[in-house]
Amino acid sequence: SVVCLSCYVASYSLELLFLCRRLGVELGKVQVYQEANRETRVQIEESVRGKDVFIIQTISKDVNTTIMELLIMVYACRTSCARNIIGVIPYFPYSKQCKMRKRGSIVSKLLASMMCKAGLTHLITMDLHQKEIQGFFNIPVDNLRASPFLLQYIQEEIPDYRNAVIVAKSPASAKRAQSFAERLRLGIAVIHGEAQDAESDLVDGRHSPPTVKNIGAIHPSLEIPLLIPKEKPPITVVGDVGGRIAIIVDDIIDDVDSFLAAAETLKERGAYKIFVMATHGILSSDAPRLIEESAIDEVVVTNTIPHEIQKLQCPKIKTVDISMILSEAIRRIHNGESMSYLFRNIGMDD
């Protein structure tokens with residue numbers, strides 16, 4: 001027997017109904033609400049003893065409340081003697097905080113430990129920001145890919161896609177762009193550098209007196225050379241985009257400033273259409289309005305995160321449904337079948 005529960009109210013969307021319809025199951029009965037003092041309370045209204053429980057959690061704008069709902073529900077299922085508790089979290093929150101920065105912390109590692117401690121026995125997610133995040137868990141993690149659906153959209157919805165070039169808006173996303181380009185048999189371009197402001201503080205001397213090179217020393221006779229600070233060159237586009245369709249690919253689109261700057265650069269270099277393809281469309285704050293007023297022709301994201309309101313604000317935003325692969329992953333895990341079919345043609349570098 002299998003029970004599909006849903007934590008977040010916005011998860012009761014058309015996509016979730018499609019997922020349950022594909023599986024032939026109904027949503028489990030559960031109440032999730034907040035007390036007057038903002039404490040989260042979960043009440044499961046049916047028996048989950050000895051069952052496989054799949055907790056489907058999409059991430060809302062109130063990320064921390066969403067996480068607490070998930071953790072409390074997982075623990076409630078654990079204390080109710082569920083056989084297996086599988087979290088279906090298409091977008092893994094805090095995934096960008098997966099590296100140590102100065103005196104910060106690796107928050108995604110903390111979140112993984114909390115999920116495992118609460119009682120999660122398996123995790124299904126999609127396009128982790130860094131695939132090494134899987135190593136933060138001591139339970140099985142299936143990191144599904146949305147790229148087949150995005151590639152299909154390019155082939156079916158962009159009539160002259162053969163005249164396109166795949167663009168990485170920074171060298172960091174070049175590997176993803178290369179994967180798309182090789183599968184579509186297209187060229188690749190990489191944007192490198194940043195806009196140079198002639199009136200910047202560094203140019204007009206407002207940083208005087210000049211900074212002094214500090215040298216750390218363990219002993220007066222032993223000097224440790226410091227690493228030379230980075231300095232980005234002016235924006236350059238490595239690759240030809242003139243008279244071509246530019247397709248910018250990335251995993252997350254939230255703060256759109258870098259995408260808008262990339263689109264302007266591509267327009268200046270002669271690209272006549274600009275598409276943005278991303279798995280997770282967070283699109284916070286004024287992102288829809290900025291996209292609508294920009295040189296970007298279309299933004300294509302999957303439905304890993306609810307974004308119905310953003311679509312109403314910006315008709316340029318299009319959605320690709322990925323509920324099919326999530327439902328197939330749930331079915332295979334419940335039936336004890338191999339998951340390798342869902343990862344076919346995915347190499348070590350993808």
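Colleague: Which helix supplies the largest share of the lining of the largest pocket?
Modeller: That helix is α5, with five residues. This is a predicted model, where local features need pLDDT of at least 70 and side-chain atom pairs pLDDT 80 or more, while totals for chains, interfaces and linings use all residues. Residues are numbered from 1 along each chain, and side-chain values use heavy atoms, without hydrogens and water.

Colleague: What makes a space a pocket, and what makes a residue part of its lining?
Modeller: Points on a 1 Å grid over the protein atoms alone form a pocket if the set is open and has protein on both sides within 12 Å along at least five of seven lines; a set where a 1.4 Å probe fits but cannot get out is a cavity, and lining residues have an atom within 4 Å of a point. The largest pocket has 43 lining residues. D127, L128, R145, R176 and D251 lie nearest its centre.

Colleague: How much space does the largest pocket hold?
Modeller: Its volume is about 1500 Å³. That is the space filled by probe spheres set on the grid points, joined across faces, edges and corners.

Colleague: Which elements each supply at least two residues of that lining?
Modeller: They are α4 (147-157), α5 (174-184), β13 (245-253), α7 (257-268) and α10 (323-335). Helices (H or I, at least four residues) and strands (E, at least two) are DSSP runs numbered from the N terminus.

Colleague: How does the lining of the largest pocket divide by class?
Modeller: There are 20 charged residues (Asp, Glu, Lys and Arg), 13 nonpolar and ten polar. Nonpolar covers Ala, Val, Leu, Ile, Met, Phe, Trp, Tyr, Cys and Pro; the others, Gly among them, are polar.

Colleague: What about the second largest pocket?
Modeller: It holds about 500 Å³. Of its 22 lining residues, I59, S60, K61, I282 and I305 are closest to the centre. Helix α9 (residues 308-313) gives the most, three residues. The classes here are twelve nonpolar, six polar and four charged.

Colleague: How many aromatic pairs are there?
Modeller: The structure holds one.

Colleague: Why is the pair of F92 and F137 called edge-to-face?
Modeller: Rings of Phe, Tyr and Trp (its six-membered ring) pair if their centres lie within 6.5 Å; planes under 30 degrees apart are stacked, over 60 edge-to-face, the rest tilted. F92 and F137 have centres 5.6 Å apart and planes at 70 degrees, so the pair is edge-to-face. The two sit 45 residues apart, F92 in the loop between β5 (84-89) and α3 (107-118), F137 in the loop between β6 (122-126) and β7 (141-144).

Colleague: Are F92 and F137 buried or exposed?
Modeller: Buried means under 20% relative accessible area, exposed over 50%, partly exposed in between (1.4 Å probe, protein chains only). F92 has 2%, so F92 is buried. F137 has 9%, so F137 is buried too.

Colleague: How do you know that K169 lies over the face of F259?
Modeller: The rule asks for NZ of Lys or CZ of Arg within 6 Å of the ring centre and within 35 degrees of the ring normal. K169 meets it over F259, at 4.9 Å from the ring centre.

Colleague: Why is β6 described as largely enclosed?
Modeller: Five of its five residues are buried, so the rest of the structure largely encloses β6. H122, I124 and M126 point one way, L123 and T125 the other.

Colleague: What makes β5 and β6 a pair?
Modeller: Strands pair if DSSP finds at least two bridges between them. β5 and β6 have four, in the parallel sense. I89 has T125 of β6 as its bridge partner.
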